[in-house]
Amino acid sequence: MNFSFPSEYLKPPFVLPQMEKASELVFIPSAGMGHLVSAVEMATLLVARHDRLFITVFIMKLPFDSKGTESYIASLEASPVSPRVNFITLPKVPAIDNHISPNSFRNQFIESHKPHVKNAVAKLTESESDSRPRLAGFVIDMFCTTMIDVADEFGVPTYMFFTSPAGFLGLLFNLQRIRDVYNKEVSEFKDSDAELALPTFVNSVPANVLPSVLLDKDGAKAILGYAKRFRETKGILVNTFMELESHALDSLSDGETPPLYPVGPILNLKSDDSQSDSKQAQQKSDVLEWLDDQPPSSVVFLCFGSMGSFGEDQVREIAWGLERSGLRFLWSLRQAPPKETVASPSDYSDPKAVLPEGFLDRAVGIGKVIGWAPQVAILAHRAIGGFVSHCGWNSTLESLWFGVPVATWPMYAEQQLNAFELVRELGLAVEIKMEYRRDFYGESPKVVKAEEIERGIREVMVQDSDLRKRVKEMSEKGKKALMDGGSSHSSLGHFLHQIFL
């Protein structure tokens with residue numbers, strides 16, 4: 001599917017100050033598809049709004065990047081999104097043991113890129129001339145706060161692009177302050193039925209929807225350490241919009257946090273094309289042909305993100321739940337990586353091996369099981385009526401953009417909190433299992449039963465429901481936020497004003 005943002009979004013809401021010298025920002029996103037795609041879209045929008053802005057994006061490549069990520073990076077290097085957006089793939093770093101905890105792996109991986117970032121920035125700035133843009137600052141990912149030190153060495157400010165919701169940002173600030181001021185460790189809430197009253201949320205937050213990393217003592221120390229450094233930035237761009245998260249954003253306008261710029265929804269609605277190879281292009285064609293034969297809003301789509309996979313017991317329960325519902329379905333089923341290995345899931349060579357006997361035969365005509373999924377194209381299709389999702393923030397914004405209601409099945413990262421916000425705070429989703437979680441090896445101590453899956457699927461697929469109407473209304477608000485005079489359009493303009501002061 002081809003899409004470009006409305007021309008109104010690219011038109012400044014006011015006259016931006018023009019400087020004698022152009023300015024350049026260095027973007028440093030975390031490795032991984034979700035972070036990289038959002039950062040590239042953010043960079044593209046910024047340069048489209050000001051013709052004297054240049055951006056260089058540094059790319060860190062994981063040793064186990066999926067084919068989709070590799071294809072996407074290759075497409076960026078072969079055909080830049082703008083002549084004023086440059087991409088530099090940083091050199092490989094020494095091998096890191098991928099059997100250590102994901103938190104330790106991420107910290108070591110990013111820290112080891114610090115010298116390469118310093119060298120790359122030095123090369124960008126070494127040829128000072130009147131025609132060379134001045135370095136105006138770094139724009140970092142939430143996990144790259146160590147790069148603030150590098151920005152300080154070059155004497156430039158650091159901004160952050162937060163690719164998760166404002167609700168999660170507020171949670172981190174809230175818990176970081178509770179830890180530092182009141183000496184209360186959030187990891188103490190593990191396996192607790194406590195509920196937390198936090199300024200960022202209208203409702204009390206159950207401890208069982210806190211991100212797993214915060215319920216681990218070492219993980220909480222790391223992530224709240226990041227949050228403390230967020231306060232050193234000069235401003236935070238957030239991939240959300242005021243109409244969606246007004247309470248969370250208002251709660252963060254307290255003068256104790258850096259200025260926030262809600263600039264979303266930032267989406268790559270061409271991602272299926274840039275991230276796929278020839279085999280996946282054929283898979284996409286086959287899927288869309290199948291959907292073309294289905295009635296409008298009749299198919300429930302199940303997809304759990306780039307790291308989403310289940311054990312065999314859970315796969316069978318999903319199959320039974322789908323069969324019991326009697327609804328049409330499209331299911332992206334991925335195989336978990338080997339145990340105790342940090343790696344991306346892959347497609348099954350033969351999904352029959354993990355599905356109930358005869359399931360695929362009985363599903364002919366009403367259901368389709370696939371591997372990799374062209375998610376954007378599927379959500380945009382008229383046949384899709386509901387989305388069983390892991391609640392990653394990019395997927396959440398995509399579903400809202402296309403007006404598709406979500407049944408929440410979070411897995412890792414901040415997804416449990418996202419599910420809570422969607423269901424309880426915003427009334428924009430239904431619940432399958434809000435507190436479900438699994439580790440980065442695809443293991444979970446719980447199996448969601450077929451009855452719960454069937455109930456959630458039936459609920460999200462109700463036609464003419466109040467939920468569906470609210471999702472459609474929020475979809476329109478998100479699109480208007482990006483247009484001239486919209487909240488996100490104006491917020492992006494204010495950020496650019498800050499850069500060119």
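Two strands pair if DSSP finds at least two bridges between them. By that rule, β15 and strand β16 (residues 406–408) pair in the parallel sense over three bridges. Helices (H or I, at least four residues) and strands (E, at least two) are DSSP runs, numbered from the N terminus. This is a predicted model: local features need pLDDT of at least 70, side-chain atom pairs count only at pLDDT 80 or more, and totals for chains, interfaces and linings use all residues. Residues are numbered from 1 along each chain as its sequence is written, and side-chain values use heavy atoms, with hydrogens and water left out.

**The seven-stranded sheet**

- Seven strands form an open sheet, in the order β3-β2-β1-β4-β5-β8-β9, with parallel pairing.
- β3 (85–89) and β9 (260–262) stand at the edges with a single partner strand each, so one side of each has no neighbour in the sheet.
- From one strand to the next, the twist averages 25 degrees.
- Strand β8 (residues 236–238) pairs with β9 in the parallel sense over three bridges.
- Ile-236 has Leu-260 in β9 as its bridge partner.
- Helix α5 (residues 114–126) packs on the sheet and touches β1 (23–28), β2 (53–59), β3 and β4 (134–140). Contact means heavy atoms within 4.5 Å.
- The direction of α5 makes about 155 degrees with that of β2. Axes are lines fitted to C-alpha atoms, for helices over the stretch in contact, and angles run from 0 to 180 degrees between N-to-C directions.

**Around β15**

- Strand β15 (residues 384–389) is mostly covered: six of its six residues are buried. Buried means under 20% relative accessible area, exposed over 50%, and partly exposed in between (1.4 Å probe, protein chains only).
- Strand β10 (residues 299–303) pairs with β15 in the parallel sense over five bridges.
- Phe-301 stands opposite Phe-387 in β15.
- Ser-389 has Thr-408 in β16 as its bridge partner.

**Two helices**

- Helix α11 (residues 278–292) has 15 residues and reaches 21 Å from its first C-alpha to its last, close to the expected 21 Å. The expected span is 1.5 Å times one less than the number of residues.
- Gln-280, Lys-284, Val-287, Trp-290 and Leu-291 are buried in α11. They cover an arc of only 130 degrees around the axis, which puts them on the same side of α11. The arc is that of the directions from the helix axis to the C-beta atoms.
- Exposed Ser-278 and Glu-289 lie on the face of α11 turned away from its buried side.
- In helix α2 (residues 33–49), 14 of the 17 residues are buried, so α2 is largely enclosed by the rest of the structure.
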